[in-house]
Amino acid sequence: MHEVISANIKRIKNFLNFTKNYFVRHNPIKNFFDGTVTSVKNILSIRKKQKLVKYRLNYQMGKLKQMEKLIAANNDHVFLRGRKFNETR
């Protein structure tokens, strides 16, 4: 009986040591607070990110319109320039 109790106590000590070592390595409380701080920083900087995305989008749209103008200027199709269409009318 004494051996069974001592074996169970030894198993409980091993389990508690494994648990302690896990918490030392991974520390879920610290990870939770770090994640919370990161989320708050992201929420507070969302306006800046939104402005940056809007600027990039406007820049790319301007480049697209510039390319469309160049393509239309060098293309002889009627629907792009309209010059030949007005002459035949």
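Predicted model: local features only at pLDDT ≥ 70, side-chain atom pairs only at ≥ 80, totals over all residues.
Student: Let's start with the overall fold: in which order do the elements of the protein chain run from the N terminus on?

Tutor: Happy to begin there. The secondary structure of the chain comes to five helices and zero strands. Read from the N terminus, the order is therefore α-α-α-α-α.

Student: What share of the 89 residues in the protein chain is buried?

Tutor: Let's take the surface along with it. The protein chain exposes about 9000 Å², and carbon and sulfur atoms supply 63% of that area. A residue counts as buried when its relative accessible area is under 20%. Among the 89 residues, the buried share is 2%.

Student: How far does helix 1 reach from its first C-alpha to its last?

Tutor: Good one to check by eye. Helix 1 covers residues 2–26, which gives 25 residues. At 1.5 Å a residue, 36 Å is expected, and the model comes close to that. The reach of helix 1 is 36 Å.

Student: Which residues form a nonpolar patch on the surface, with about 340 Å² of accessible area together?

Tutor: One member to look for is Ile9, which is placed in helix 1. Patch residues need over 30% relative accessible area, and Ile9, at 43%, is partly exposed. The residues of the patch are Met1, Ile5 and Ile9.

Student: On to charges: which residue forms a salt bridge with Lys30?

Tutor: Side chains of opposite charge can pair when their charged atoms come close. The count for this model comes to one salt bridge, and its closest N and O atoms are 3.8 Å apart, where the cut-off is 4 Å. The partner of Lys30 is Asp34.

Student: How many residues apart are Lys30 and Asp34 in helix 2?

Tutor: Helix 2 takes in residues 28–44, and both partners sit in it. Lys30 is partly exposed at 48% relative accessible area, and Asp34 is also partly exposed, at 39%. Because of their spacing, Lys30 and Asp34 are separated by about one helical turn, and the number of residues is four.

Technical notes. Residues numbered from 1 in each chain as written. Heavy atoms only, no water. Helix = DSSP H or I, 4+ residues; strand = E, 2+ residues; numbered from the N terminus. Expected span 1.5 Å × (residues − 1). Patch = residues over 30% accessible without salt bridge, like charges linked within 9 Å, V, L, I, M, F, W, Y side chains within 5 Å. Areas by Shrake-Rupley, 256 points an atom, 1.4 Å probe, with all protein chains shown as cover. Salt bridge = Lys/Arg side-chain N within 4 Å of Asp/Glu carboxyl O. Buried < 20%, exposed > 50% of the residue type's maximum accessible area, 1.4 Å probe, protein only.
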